[in-house]
Amino acid sequence: MQPNRIRAYVWEFPVRFTHWMNALCLLIFCITGFYIGNPFIYAISSQQYIMGWMRFLHFVSAYVFLLSMITRIYWMFAGNRYSNWRVFIPLTERQRKDAIGGLKFYLFLSKQPPYAAGHSAMASLTYLGVFILFLFEIASGFALYSQSHLKSAIFWLLGGWMLSIFEAPTIRLLHHIVMYLLIAFTAIHIYIGWYLDIVEKNGVMGSIFGGYKFITGKEWE
């Protein structure tokens, strides 16, 4: 560690925990969702319950994912300034300027990385979009699930109301398409994380495990 850097606690435990729970759920969603839509393992006896287990894992992960999102949204109001909801919306001129600068860096139009103690403005806007996709996946998933619970008010609130707007096949298609978008985001997210870790040398990849980053003084709060 260079002497001009200080070790700062940025990502609190609820932020790190929900991050990894979301990652685990998305992995399970991809495997089980692809199987439910297009089975790639076939049962050879009536004793096997492959589709049943896939659906069970998909549904259990949906509840875990829902609770994780509720926790993360709550922490946008209860957590430190790095996880606050204001970070995700460009309310100030500085945030908007930083977002444009970050976009230029990611498009290789600028060599100046988007230094930030927490999320940069560009990253925050991206995560806001991802949160919206998460919420859509939750609502659309429970909309499809609610077809077997038509008299349940809770399932209607969680997503069953979407059936009054879209047909079930349309919801299923959109649910599937958004998952592809999230897979693409995950790949880009990992690449950018490693790239920034090399460029900024602030321990950003390790911070999602331990919560600490190395602050240089170049970051804006």
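Is Arg96 buried, partly exposed or exposed? Select Arg96 to find out: at 38% relative accessibility, Arg96 counts as partly exposed. Keep in mind throughout that this is a predicted model.

**Stop 1: the salt bridge**

The structure holds 1 salt bridge. Side chains of opposite charge can pair when their charged atoms come close. Now show helix H3. Glu93 and Arg96 are 3 residues apart in this helix, so about one helical turn separates them. Glu93 is exposed, because its relative accessible area is 56% and the cut-off for exposed is over 50%.

**Stop 2: Gly101**

Move along to Gly101, which also sits in helix H3. Gly101 is partly exposed, with a relative accessibility of 28%.

**Stop 3: the largest pocket**

Turn on a pocket display. Rolling a probe the size of a water molecule over the atoms shows where empty space is left. The largest pocket holds about 1,300 Å³ of space. Select His19, Tyr127, Phe185, His189 and Ile190. Of the 46 lining residues, these lie nearest the pocket's centre.

Now colour the helices. H1 (13–37), H3 (93–106), H4 (121–145), H6 (168–200) and H7 (204–210) each supply at least two residues of this lining. H6 has the largest share, with 12 residues. Colour by class next: the lining of the largest pocket has 31 nonpolar, 12 polar and 3 charged residues.

**Stop 4: the second largest pocket**

This pocket has a volume of about 710 Å³. Its lining counts 24 residues, and Ile36, His58, Gly141, Leu144 and His175 lie nearest its centre. H1, H2 (50–78), H4 and H6 each give two or more residues to this lining. Which helix gives the most to the lining of the second largest pocket? Select H1: it contributes 7 residues. By class, the second largest pocket is lined by 13 nonpolar, 8 polar and 3 charged residues.

**Stop 5: aromatic pairs**

Show the rings of the aromatic side chains. The structure holds 20 aromatic pairs. Start with Tyr35 and Phe40. Their ring centres are 5.1 Å apart and their planes stand at 90 degrees, so this pair is edge-to-face. Tyr35 is buried, with a relative accessible area of 3%. Phe40 is partly exposed, at 48% relative accessibility.

Go next to Phe142 and Phe155. Here the ring centres are 6.1 Å apart and the planes lie at 45 degrees, so the pair is tilted. This pair links distant parts of the chain: Phe142 is in helix H4 and Phe155 is in helix H5 (residues 153–158), 13 residues apart. Phe155 is buried, at 9% relative accessibility.

**Stop 6: around Phe142**

Keep Phe142 selected. Is Phe142 buried or exposed? Phe142 is buried, with a relative accessible area of 3%. Leave aside its neighbours within four places in sequence, and show its contacts. They are Ala62, Tyr63, Leu66, Phe155, Leu158, Gly159 and Gly160. Phe142 and Ala168 are 26 residues apart in sequence and 11 Å apart in space, C-alpha to C-alpha.

**Last stop: a ring cluster**

Select Phe29, Phe65, Phe88, Phe131 and Phe134. Ring pairs link these residues into a cluster.

How values were computed
Residues are numbered from 1 along each chain as its sequence is written. This is a predicted model: local features need pLDDT of at least 70, side-chain atom pairs count only at pLDDT 80 or more; totals for chains, interfaces and linings use all residues. Side-chain values use heavy atoms; hydrogens and water are left out. On a 1 Å grid over the protein atoms alone, a cavity is a set of points where a 1.4 Å probe fits but cannot get out, and a pocket is an open set with protein on both sides within 12 Å along at least five of seven lines; lining residues have an atom within 4 Å of a point. Grid points are joined across faces, edges and corners, and a volume is the space filled by probe spheres set on the points. Helices (H or I, at least four residues) and strands (E, at least two) are DSSP runs, numbered from the N terminus. Ala, Val, Leu, Ile, Met, Phe, Trp, Tyr, Cys and Pro count as nonpolar, Asp, Glu, Lys and Arg as charged, and the others, Gly among them, as polar. Buried means under 20% relative accessible area, exposed over 50%, partly exposed in between (1.4 Å probe, protein chains only). Contact means heavy atoms within 4.5 Å. A salt bridge is a side-chain nitrogen of Lys or Arg within 4 Å of a carboxyl oxygen of Asp or Glu. Rings of Phe, Tyr and Trp (its six-membered ring) pair if their centres lie within 6.5 Å; planes under 30 degrees apart count as stacked, over 60 as edge-to-face and the rest as tilted.
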